[in-house]
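Welcome! Let's take a friendly walk through a protein model, one topic at a time. Keep the picture at hand as you read.

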Amino acid sequence: MRRFLLITALVPLAACNAGGPTVSATNASEAEVKAKVAAATGGADMISPGRWEGTMTISDMKMPKLPADQQAKLASRIGGKQPIVSCVTEEEVKAKRAFFTGDKSGDKSCTYSRFTMGGGKIDAAMTCKNEGGNMNATMTGTFSSDAYHMEMASNTDSSSPYAAMSMKMTVDAKRTGACRGTEDKE
């Protein structure tokens with residue numbers, strides 16, 4: 001779950017021009033995908049730095065190992081749009097950090113079974129295997145240097161009642177201007 005939310009939170013760092021590079025990978029590590037993206041872009045900046053605003057809507061979330069009262073409370077939170085705000089700095093753009101590959105250097109727990117990016121579209125599926133359980137996630141959507149729309153789904157198996165889950169969500173965001181320095185407080 002944590003890896004899936006990390007990917008979701010870092011989606012703004014994945015946008016690039018609709019007519020931009022094409023990347024395709026199968027059974028590839030996060031590092032391999034990141035290297036392919038870097039090679040395809042030729043060092044060009046992939047997004048516009050600045051303030052990004054949007055919404056995240058969880059359309060389905062199940063945690064079957066939770067007690068019934070906690071499952072009911074969880075179900076009551078599904079469907080509402082939750083605002084998201086982030087600041088993408090010039091340094092992050094130049095470092096090309098977190099392009100759907102997380103931010104962990106050398107992490108080998110995740111593998112993309114497929115990753116395709118091109119023509120303003122992305123389609124990816126990954127599996128992460130950790131001691132606490134395994135996660136399968138998919139992501140499809142559209143993007144540009146200033147906006148994106150993503151549909152995501154994940155399934156996590158774990159012996160922990162708080163980690164075993166399935167989730168579907170939609171994230172829509174756009175660049176709205178310069179960072180204000182308040183994004184981490186919103």
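## A word we need first

A residue is called buried under 20% relative accessible area, exposed over 50%, and partly exposed in between. Cys-179 has 29% relative accessibility, so it counts as partly exposed. Please keep in mind that this is a predicted model.

## Two disulfides

A disulfide is a covalent bond between the sulfur atoms of two cysteines. How many disulfides does the structure hold? There are 2 disulfides, and with the bonded cysteines numbered in sequence order, the pairing is 1-4, 2-3.

One of them joins Cys-87 to Cys-179, with 1.9 Å from S to S. This pair links distant parts of the chain, 92 residues apart: Cys-87 sits in strand 3 (residues 81–88), and Cys-179 in the segment after strand 8 (165–177). The torsion about its S-S bond is about 100°, so the disulfide of Cys-87 and Cys-179 is right-handed. Cys-87 counts as partly exposed because its relative accessibility is 27%.

Another disulfide is formed by Cys-110 and Cys-128, whose sulfur atoms are 2.0 Å apart. Cys-110 belongs to strand 4 (residues 110–118) and Cys-128 to strand 5 (residues 121–130), so the bond ties together parts that are 18 residues apart in sequence. The link of Cys-110 and Cys-128 is right-handed, with 110° about the S-S bond. Are these cysteines buried or exposed? Cys-110 is buried, at a relative accessible area of 1%, and Cys-128 is buried with a value of 1%.

## The nonpolar core

In soluble globular proteins, nonpolar side chains tend to be buried together. Here, the largest nonpolar core has 36 residues. Those with the most contacts inside this core are Val-33, Phe-115, Met-126, Tyr-148, Met-150 and Met-169. Several elements each supply at least two residues of the core, including strand 1 (23–29), helix 2 (30–41) and strand 2 (50–62). Which strand gives the most to this core? Strand 8 does, with 5 residues.

Thr-138 stands opposite Ala-153 in strand 7. Strand 7 is also joined to strand 8 by 10 bridges, and the two run antiparallel. There, Tyr-148 stands opposite Ala-173 in strand 8.

## Salt bridges

Side chains of opposite charge can pair when their charged atoms come close. A search of the whole structure finds 4 salt bridges. Arg-114 and Asp-123 meet in one of them, at 2.9 Å from N to O. Arg-114 is partly exposed because its relative accessible area is 31%, and Asp-123 is partly exposed at 26%. Salt bridges that share partners join Arg-51, Glu-53 and Arg-180 into one network.

Arg-51 is buried, at 3% relative accessibility, whereas Glu-53 is partly exposed, with a relative accessible area of 28%. Lys-62 forms a salt bridge with Asp-60, their closest N and O atoms being 2.9 Å apart.

Technical notes
Residues are numbered from 1 along each chain as its sequence is written. This is a predicted model: local features need pLDDT of at least 70, side-chain atom pairs count only at pLDDT 80 or more; totals for chains, interfaces and linings use all residues. Side-chain values use heavy atoms; hydrogens and water are left out. A disulfide is a pair of cysteine sulfur atoms within 2.5 Å. Helices (H or I, at least four residues) and strands (E, at least two) are DSSP runs, numbered from the N terminus. Buried means under 20% relative accessible area, exposed over 50%, partly exposed in between (1.4 Å probe, protein chains only). A nonpolar core is a set of buried Ala, Val, Leu, Ile, Met, Phe, Trp, Tyr and Cys residues joined through side-chain atoms within 4.5 Å. Two strands pair if DSSP finds at least two bridges between them. A salt bridge is a side-chain nitrogen of Lys or Arg within 4 Å of a carboxyl oxygen of Asp or Glu.
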